[in-house]
Amino acid sequence: MVVWDEALLAYDMGDHPLDPVRVELTVALARELGVLDRPGVRLVRPEPADEALLTRVHDLRYLDAVRVAPRDPLFAGHGLGTADNPVFDGMHESSALVAGATVAAAEAVWRGEARRAVNVAGGLHHAMPARAAGFCVYNDPAVAIARLLDLGARRIAYVDVDVHHGDGVQQVFYDDPRVLTVSLHETPLALFPGTGFPDETGGPGAEGAAVNVALPPGTDDAGWQRAFHAVVPSVLRVFRPEILVTQCGADGHRLDPLADLHLSVDGQRATYLALRALADELCEGRWVATGGGGYALVEVVPRAWTHLLAAATGAPLDPATPTPPGWRALAAARRPGREVPLRMTDDVDPAYRPWQPTGEPNSVDRAVAATRKSVFPLLGLDPHDPRD
Ligand SMILES: [Zn+2]
């Protein structure tokens, strides 16, 4: 199931890196490649999340500030009206629609109406209970997870592969042992939001329920895959989630202007397929996926998330697939002068060497070891055993 409505493009901060054209171009590319017309794929229009849902995560006073901000920006406070989080018309309505879309995806998967569901407009993982942050107004993954808890879910795993730490979701559920949050990101020493260190492992009563892998700038596909597979499957297997929620930000790509990792769309595709495989292995396939960051609007995001949509709706797309001429024309019209990709691949082989605790560790392996040392013992895992 794909949750989609053109109205989601109204989450538009104006002259700002988070440009809805990336979502428009994603849906157009997926549509032209036939991904949205596959047998059994349903396109569902979302409803906005209402106040009762949003206040499962956010303070009512903050909601009031978001509502009033377009008319009265000077008095809004709460992180609004800054360069990162400018105020825009319809901010409450469009943010509530993004949250409602992720909630719809989560409800459909939880109730068995869909095995997997995607909201590419979602993934606003930096929003805090009473504060906008990092381009995010309402935290749609957190609202959807809260809704799953209300529907009776007892163990929910959230995996965040955006280049930035999934700080808002981690904070909301830091003391809740029912929600495991796992975030792989560029080290907070180098990048916003400055959290996501390996020693952030969960609050009292939820020790081990937060997992953070802080990767060095320049990490490539092989390093990323090695780190992912040295941590994520182990912690998920021991947690035994009933449902997997993932934030699939595409800003780890080497062309992304806001961060410094060196991933390719081929590596991102491999990560999405690994997440799907974990949902199949552990959650009877139940997988709720959102978009997230991603600022190479033409070059990267549409291809990355079309691979995500393909992974969620059936067979993975062959990386050698050419981009359709109609889509190339649309991309060139939306962003004249930008290089429009001709194929769904960056011609990178995302193969990796599995992590080993021995030998001369490089900086990625040191990051992996730090995470394993901090959190594995809390989960009953051996940080030094590569089989764990
Ligand atoms: Zn990001």
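1. Basis of the model. The model is predicted, so local features need pLDDT of at least 70 and side-chain atom pairs count only at pLDDT 80 or more, while totals for chains, interfaces and linings use all residues. Residues are numbered from 1 along each chain as its sequence is written, and side-chain values use heavy atoms, with hydrogens and water left out.

2. The zinc site. The zinc ion has as its protein donors Asp162 (OD), His164 (ND1) and Asp251 (OD), which lie 1.9 to 2.1 Å from it; donors here are N, O and S atoms within 2.8 Å of the metal (3.2 Å for Na, K and Ca), and sites may look incomplete because water is not among the atoms. The spacing of the donor residues in sequence is D-x1-H-x86-D. Asp162 sits in the loop between strand E4 (156-160) and helix H6 (167-172), and Asp251 in the loop between strand E7 (243-247) and helix H8 (265-282), so this pair ties together parts that are 89 residues apart in sequence. Helices (H or I, at least four residues) and strands (E, at least two) are DSSP runs numbered from the N terminus. Asp162 counts as buried at 1% relative accessibility, and Asp251 counts as buried at 0%, where buried means under 20% relative accessible area, exposed over 50% and partly exposed in between (1.4 Å probe, protein chains only).

3. Strand E8 and its partners. E8 pairs with E3 in the parallel sense over four bridges, and four bridges also join E7 to E8, which run parallel; two strands pair if DSSP finds at least two bridges between them. Ala289 in E8 is the bridge partner of Val118, whereas Trp287 in E8 stands opposite Leu244. In a regular strand the side chains alternate between the two faces of the sheet. In E8, Trp287 and Ala289 point one way and Val288 and Thr290 the other way, and all are buried.

4. Aromatic pairs. Rings of Phe, Tyr and Trp (its six-membered ring) pair if their centres lie within 6.5 Å, and planes under 30 degrees apart count as stacked, over 60 as edge-to-face and the rest as tilted. By this rule the count comes to three aromatic pairs. One of them is the edge-to-face pair of Tyr62 and Tyr138, with 6.0 Å centre to centre and 90° between the planes. Tyr62 lies in helix H3 (residues 60-68) and Tyr138 in the loop between strand E3 (116-119) and helix H5 (140-150), so the pair ties together parts that are 76 residues apart in sequence. Both Tyr62 and Tyr138 are buried. Phe135 and Tyr295 also form an edge-to-face pair, at 5.7 Å centre to centre and 85° between the planes.

5. Cavities. Over the protein atoms alone, on a 1 Å grid, a cavity is a set of points where a 1.4 Å probe fits but cannot get out, and lining residues have an atom within 4 Å of a point. Grid points are joined across faces, edges and corners, and a volume is the space filled by probe spheres set on the points. The structure holds two cavities of 30 Å³ or more. The largest cavity has a volume of about 90 Å³, and its lining includes Leu8, Tyr11, Asp19 and Arg22. The second largest cavity, of about 60 Å³, has Val161, Trp224 and Tyr272 among its lining residues, and H8 supplies the largest share of that lining, three residues.

6. Backbone details. A cis peptide bond joins Phe192 and Pro193, with omega of about 5°, and Pro193 is found in the loop between strand E5 (179-186) and strand E6 (210-215). Two residues deserve a separate look. Phe135, in the loop between E3 and H5, has a positive phi of about 75° although it is not a glycine, and Phe135 is buried with a relative accessible area of 10%. Glu284, in the loop between H8 and E8, has a positive phi of about 50° although it is not a glycine, but Glu284 is exposed, with a relative accessible area of 58%.

Terms used
1 Å grid on protein atoms, 1.4 Å probe; cavity = no way out; pocket = protein on both sides within 12 Å on 5 of 7 lines; lining within 4 Å.
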